[in-house]
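The following note sets out points for a colleague who wishes to examine the model residue by residue. Please read it alongside the sequence and coordinates.

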Amino acid sequence: MFKGKKILLGVTGGIAAYKALELTRLLVKGGAEVWPVMTRAAKEFVSPLSFSTLAKNPVSVGLFDQPNEGRIRHVEAPEDADLVIIAPATANIIGKIAGGIADDLLSTLVMATPSPVLIAPAMNCNMYINPIVKKNIHTLEGYGYRFVGPAEGDLACGYEGIGRLAPVEEIFDTAVAMLSPKDLTDEKILITAGGTREVIDPVRFITNASSGRMGYALARAAWRRGAEVVLISGPTGLARPTGVTFKEVVSAEEMYEKSMEYFQQSTTVIMAAAVSDFKPETSHSKKVKKVKAAREIKLETTIDILREMGERKGGRKLIGFALETDDIIDNARKKAVEKKLDFVVANGPASLSSPTSTVTIVDKDGLAVDIPLMSKDELSEQILDRIKAL
Ligand code: CTP
């Protein structure tokens, strides 16, 4: 995701500084070259050695520590960075940037950089709601600085409220989005994910094997590329993707209702959900005894959401998934025609619950293209490229 990208990571003095270590790890894992810059106060909270070990790069601290007049020894100049992230950002650094003050290495670099800057504030809740801090953030947003968070919750100072550093995954996702080409800004994409649950009684349900990873990866990728994304998900336990409108549903019926609510406004629908094909005719409010259940539970088919959408397709692009064990391509071709899909992403059960997938994309004219094994993140990009090309 960050292959070949240079990120200057500014860390300022707050208790959340330790979370910037995890951010460093994620950025490096994502392929970024990370150059940490710490303020002197940040050093009181976390050792530079921790950052240099994770970043595999030296940490810069003082403006006059460098031999070559304020230029970071290893980042030749601030304009070399593709992105500057400040996480955590104290009220102090936000105020300094907003006021044009450059009195230490980090504030000097921020003032000098032409690169995009992402700021993740973390501070006491009363500081965050202080009108001076609010005004500073507003001023910086006006200049194009991007903010992520803060989040609400327990604060290290003992207070509860808004001021926690945004989850590092959210900072990471926002950074990826800032460096991604925005080629899907005209799209409003409705994505479904995960398996639905059809309740038999309070302790039993029918479902499909599905981790939801494919749909979530698609939602993250589409948002990064500038699309407006609605993600409707069955129960998965996965973290909500950053930036999307997220709706959790349980049954096929609920997924149908929720999907139809957003269908009208959508330009594209990707049905990655493993919608249960059956549900019990009756769902019981009390636990059914097993002997009775084995004898009496009757099943009926659920509503086919994608087929319903196909009937009302209009100018929308409709993409389906097909999980098959036999005659994968033929079955996918049939589904594409019957449900009026632009293309079907067909796969076998091996990709269920896996972070990778091998698929065949079958379009409405029956043309099949094999896509080799790749991560669901990479596959998402390929699927979105195809949607863009439609
Ligand atoms: N789908 C749907 N509503 C359902 C069942 C499936 O919208 N009740 C969607 C899935 O999200 C997927 C596509 O239809 O995008 C194909 O689903 P699949 O289960 O492979 O096929 P079915 O049409 O249900 O047919 P079968 O189970 O007989 O293969």
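1. In this predicted model, the face of helix α7 turned away from its buried side carries the exposed residues Pro131, Lys135, His138 and Gly142. Buried denotes under 20% relative accessible area, exposed over 50%, and partly exposed the range in between, with a 1.4 Å probe and protein chains only. The buried residues of α7 are Val133, Asn136, Ile137 and Leu140. Viewed down the axis of α7, these buried residues fall within an arc of 95 degrees, so they line one face of the helix; the arc is that of the directions from the helix axis to the C-beta atoms. An α-helix has 3.6 residues a turn, so residues three or four places apart point the same way.

2. Helix α7 comprises 12 residues (131-142), and the distance from its first C-alpha to its last is 16 Å, close to the 16 Å expected at 1.5 Å a residue. The expected span is 1.5 Å times one less than the number of residues. Its buried residues pack against α4 (91-98), β4 (117-121), α6 (125-128) and β5 (146-147), where contact means heavy atoms within 4.5 Å.

3. The conventions are as follows. Residues are numbered from 1 along each chain as its sequence is written, and side-chain values use heavy atoms, with hydrogens and water left out. As the model is predicted, local features need pLDDT of at least 70 and side-chain atom pairs count only at pLDDT 80 or more, whereas totals for chains, interfaces and linings use all residues. Helices (H or I, at least four residues) and strands (E, at least two) are DSSP runs, numbered from the N terminus.

4. For the protein as a whole, the secondary structure comes to 14 helices and 19 strands. The C-alpha trace spans about 80 × 50 × 35 Å along its principal axes. Of the 390 residues, 50% count as buried. Among contacts with a separation of 6 or more, 67% are between residues 24 or more positions apart.

5. Helix α14 (residues 376-389) has 14 residues, which at 1.5 Å a residue should span 20 Å; its end C-alpha atoms are 20 Å apart, in agreement. The buried residues of α14 are Lys376, Leu379, Ser380, Ile383, Leu384 and Ile387. Seen down the axis of α14, they fall within an arc of 140 degrees, so they line one face of the helix.

6. At what angle do helix α8 (residues 168-179) and helix α9 (residues 213-224) pack? The angle is about 50 degrees, and the axes are 8 Å apart. That makes α8 oblique to α9. The contact involves Asp173, Thr174, Val176 and Ala177 of α8, together with Arg220, Trp223 and Arg224 of α9.

7. Ser259 belongs to helix α10 (residues 252-263) and is buried, at a relative accessible area of 0%. Not counting residues up to four places away in sequence, Ser259 touches Leu190, Thr192, Ile232, Ile305 and Met309. Gln264, by contrast, lies in the loop between α10 and β13 (268-271) and counts as exposed, at 60% relative accessibility. Gln264 and Arg316 are 52 residues apart in sequence and 9.3 Å apart in space, C-alpha to C-alpha.

8. Leu83 is located in strand β3 (residues 83-89) and is buried, with a relative accessible area of 0%. Beyond neighbours within four places in sequence, its contacts include Lys6, Ile7, Leu8, Ser115 and Pro116.

Technical notes:
Axes are lines fitted to C-alpha atoms, for helices over the stretch in contact, and angles run from 0 to 180 degrees between N-to-C directions. Angles under 35 degrees count as roughly parallel, over 145 as roughly antiparallel, 65 to 115 as roughly perpendicular and the rest as oblique.
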